[in-house]
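Colleague: I've got a model open and I'd like to learn how to read it feature by feature. Could you walk me through it, starting with charged pairs?

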Amino acid sequence: MAETVTSSRRRTTLSRERIVAAAVALIDGEGLDALSMRRLGAALGVEAMSLYRHFPSKAALLEAVVARLLAELPVPAPTAARWQDAFRALARAYRALLTRHPNAIPLLATLELSNPGSLAVAGAVMALFSAAGFDPRTSLYVLATGESFVIGFAYWEAGTANLREGRSAPPLIPPGASSYLVEHWNELTEQDCDRAFEFGLDVLIAGLEKVRNT
């Protein structure tokens with residue numbers, strides 16, 4: 001009887017919000033490949049079939065996960081503020097989002113513009129740049145270029161983390177490394193990611209300013 005009551009309580013408290021939160025936690029903790037309806041059901045203490053009452057498929061669940069993650073991204077509203085400042089703020093916020101959820105980077109990197117979870121954010125970002133004087137087509141290019149830069153940087157930052165974290169015991173130089181890499185190995189392994197990111201932003205903004213003024 002006690003087991004029946006417990007099971008009933010779990011079913012009544014199951015909701016889309018709780019399922020999505022558990023999916024995000026599972027991805028954060030074990031990686032994107034670990035997410036399955038069976039594994040998620042076990043984490044929630046329910047049968048996998050119970051999840052399908054809220055999400056018809058894993059694809060639908062992933063769309064909700066995307067929406068949940070992107071909800072953490074504050075998109076500046078079109079105002080009189082300099083678009084350059086808005087671009088920097090948005091890029092930094094997106095990088096912070098990916099830093100909090102590194103295992104979700106592949107999911108966000110393969111988003112299509114038609115994905116329901118990304119439509120609201122994409123539209124808001126394009127509106128921001130349209131208000132700054134970019135035409136609609138160029139606003140889409142700005143969105144794609146900025147997103148690609150931040151995601152690419154996040155991949156690079158995650159992929160080189162072991163090098164930077166081994167400063168107290170410098171990692172061995174890989175066999176076959178060029179003489180240039182050997183000469184500058186310490187500089188490469190002690191890279192300041194914040195400075196590198198800001199450098200990339202400077203380059204991007206300088207290019208966008210040139211495009212906007214032509």
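Modeller: A salt bridge here is a side-chain nitrogen of Lys or Arg within 4 Å of a carboxyl oxygen of Asp or Glu. Side chains of opposite charge can pair when their charged atoms come close. One case is Arg-88 with Glu-198, whose side chains meet at 3.4 Å, N to O. Arg-88 sits in helix H6 and Glu-198 in helix H13 (residues 193–212), so this pair ties together parts that are 110 residues apart in sequence.

Colleague: What should I know about the model and the numbering before going on?

Modeller: It's a predicted model, so local features need pLDDT of at least 70 and side-chain atom pairs count only at pLDDT 80 or more, while totals for chains, interfaces and linings use all residues. Residues are numbered from 1 along each chain as its sequence is written, and side-chain values use heavy atoms, with hydrogens and water left out.

Colleague: Is Arg-88 buried or exposed?

Modeller: The labels come from relative accessible area: buried is under 20%, exposed is over 50%, and partly exposed is in between (1.4 Å probe, protein chains only). Arg-88 comes out buried, at 19%.

Colleague: Which residues is Arg-88 in contact with, leaving aside its neighbours within four places in sequence?

Modeller: Contact means heavy atoms within 4.5 Å. With those neighbours left aside, Arg-88 is in contact with Glu-198, Leu-201, Asp-202 and Ile-205. The charges go on from there: Arg-88, Arg-92, Glu-198 and Asp-202 are linked in a network of salt bridges.

Colleague: How many salt bridges does a search of the whole structure find?

Modeller: Nine. Among them is Arg-39 with Glu-30, at 2.6 Å from N to O. Arg-39 is partly exposed, with a relative accessible area of 31%, and Glu-30 is partly exposed at 47%. Another joins Glu-72 and Arg-68 at 2.8 Å, N to O. Both ends carry the partly exposed label: Glu-72 at 24% and Arg-68 at 36%.

Colleague: Let's zoom out. How many helices and strands does the protein chain have?

Modeller: Helices (H or I, at least four residues) and strands (E, at least two) are DSSP runs, numbered from the N terminus. The protein chain has 13 helices and zero strands. Of its 214 residues, 37% are buried. Take the contacts between residues at least 6 apart in sequence: 70% of them join residues at least 24 apart.

Colleague: Which residues have the most contacts inside the largest nonpolar core?

Modeller: A nonpolar core is a set of buried Ala, Val, Leu, Ile, Met, Phe, Trp, Tyr and Cys residues joined through side-chain atoms within 4.5 Å. The largest one has 58 residues, and those with the most contacts inside it are Leu-40, Leu-61, Val-65, Phe-87 and Tyr-94. Elements giving two or more residues to this core include helix H2 (16–30), helix H3 (37–44) and helix H5 (58–70). H6 supplies the largest share of this core, nine residues. As for Tyr-94, its contacts beyond four places in sequence are Leu-70, Leu-73, Leu-108, Glu-147, Val-150 and Ile-151.

Colleague: And the outside? Which residues form a nonpolar patch on the surface?

Modeller: Accessible areas come from the Shrake-Rupley method with a 1.4 Å probe; for residues, only the protein chains shown count as cover. Patches take residues with over 30% relative accessible area and no salt bridge, joining like charges within 9 Å and nonpolar side chains (Val, Leu, Ile, Met, Phe, Trp, Tyr) within 5 Å. Leu-113, Leu-119, Leu-140 and Tyr-141 form such a nonpolar patch, with about 370 Å² of accessible area together. Leu-113 is in the loop between helix H7 (105–109) and helix H8 (116–131), and is partly exposed at 44%. The protein chain as a whole exposes about 12,500 Å², and carbon and sulfur atoms supply 57% of that.

Colleague: Where is Ala-132 found?

Modeller: In the loop between H8 and H9. Ala-132 is buried, at 12%, and touches Trp-83 and Arg-212, not counting residues up to four places away in sequence.
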